[in-house]
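Let's take a walk through a protein chain together, one feature at a time. Keep the sequence and the 3D view side by side as you read.

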Amino acid sequence: MDNSSDVLYLIKASGFFQGFLPLFYLVPPSHTYFRNVEEVPKYVNEAVPYFLILLFVEIVVRWFQGMPKFRLNDAIGSLSAGIIMQLAQDVVIKSFKIYVYIWIYKNYHIIDLPW
């Protein structure tokens, strides 16, 4: 067993670290297949606590390195941009994507999925 597989095994073994996996695209494809839309988890809601932990870690690391302190105006601006982006995505973009996907599937699908 090489070092990379040892690290991945340790990450998989701990439930706490499993929340960080989607943030770094370390989730196997089998965990992202769902039979219907209702089964899809709220990824943003699940990622927010881990995002805030990483934000806090960044503040602590910057403090230990003696770098300039965390700027509140930058943080508020970034969080506001993220909130506005999520609202736009949920209301407008997601509706358009679903409509286009359904239209393409109904008109051009090659096989029927078993679910």
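Where is the place of Val61? Find this residue in the view and you will see that Val61 sits in helix H3. Before going further, keep in mind that what you are looking at is a predicted model.

Now step back and take in the whole chain. Its secondary structure comes to four helices and zero strands. Reading from the N terminus on, the order of elements is therefore simple to write down: α-α-α-α, with helices defined as runs numbered from that end. The chain has 115 residues, and 4% of them count as buried.

Let's return to Val61, which has a relative accessible area of 38%. Is that buried, exposed or partly exposed? Buried would need a value under 20% and exposed one over 50%, so a residue in between is called partly exposed. Val61 is therefore partly exposed.

Together with Phe16, Phe17, Ile53 and Val57, Val61 makes a nonpolar surface patch of about 400 Å². Two elements each supply at least two residues of this patch: helix H2 (15-18) and helix H3 (43-65). Which of them gives the most? The answer is H3, with three residues.

Next, look for an open space in the model. The largest pocket holds about 1100 Å³ of space. H3 and helix H4 (72-108) are the elements that give two or more residues to the lining of this pocket. How many residues line the largest pocket? There are 23, and those nearest the centre of the pocket are Val37, Val40, Pro41, Lys94 and Ile98. The element that gives the most to the lining is H4, with nine residues.

Between H3 and H4 runs a loop, and Lys69 has its place there. Lys69 has a relative accessible area of 68%, so this residue counts as exposed.

Our last stop is about aromatic rings. The structure holds three aromatic pairs. One of them is formed by Trp103 and Tyr108, whose rings are 5.8 Å apart, centre to centre, with 70° between the planes.

Conventions:
Residues are numbered from 1 along each chain as its sequence is written. This is a predicted model: local features need pLDDT of at least 70, side-chain atom pairs count only at pLDDT 80 or more; totals for chains, interfaces and linings use all residues. Side-chain values use heavy atoms; hydrogens and water are left out. Rings of Phe, Tyr and Trp (its six-membered ring) pair if their centres lie within 6.5 Å; planes under 30 degrees apart count as stacked, over 60 as edge-to-face and the rest as tilted. Patches are made of residues with over 30% relative accessible area and no salt bridge: like charges are joined within 9 Å, nonpolar side chains (Val, Leu, Ile, Met, Phe, Trp, Tyr) within 5 Å. Accessible areas come from the Shrake-Rupley method with a 1.4 Å probe; for residues, only the protein chains shown count as cover. A salt bridge is a side-chain nitrogen of Lys or Arg within 4 Å of a carboxyl oxygen of Asp or Glu. Buried means under 20% relative accessible area, exposed over 50%, partly exposed in between (1.4 Å probe, protein chains only). On a 1 Å grid over the protein atoms alone, a cavity is a set of points where a 1.4 Å probe fits but cannot get out, and a pocket is an open set with protein on both sides within 12 Å along at least five of seven lines; lining residues have an atom within 4 Å of a point. Grid points are joined across faces, edges and corners, and a volume is the space filled by probe spheres set on the points.
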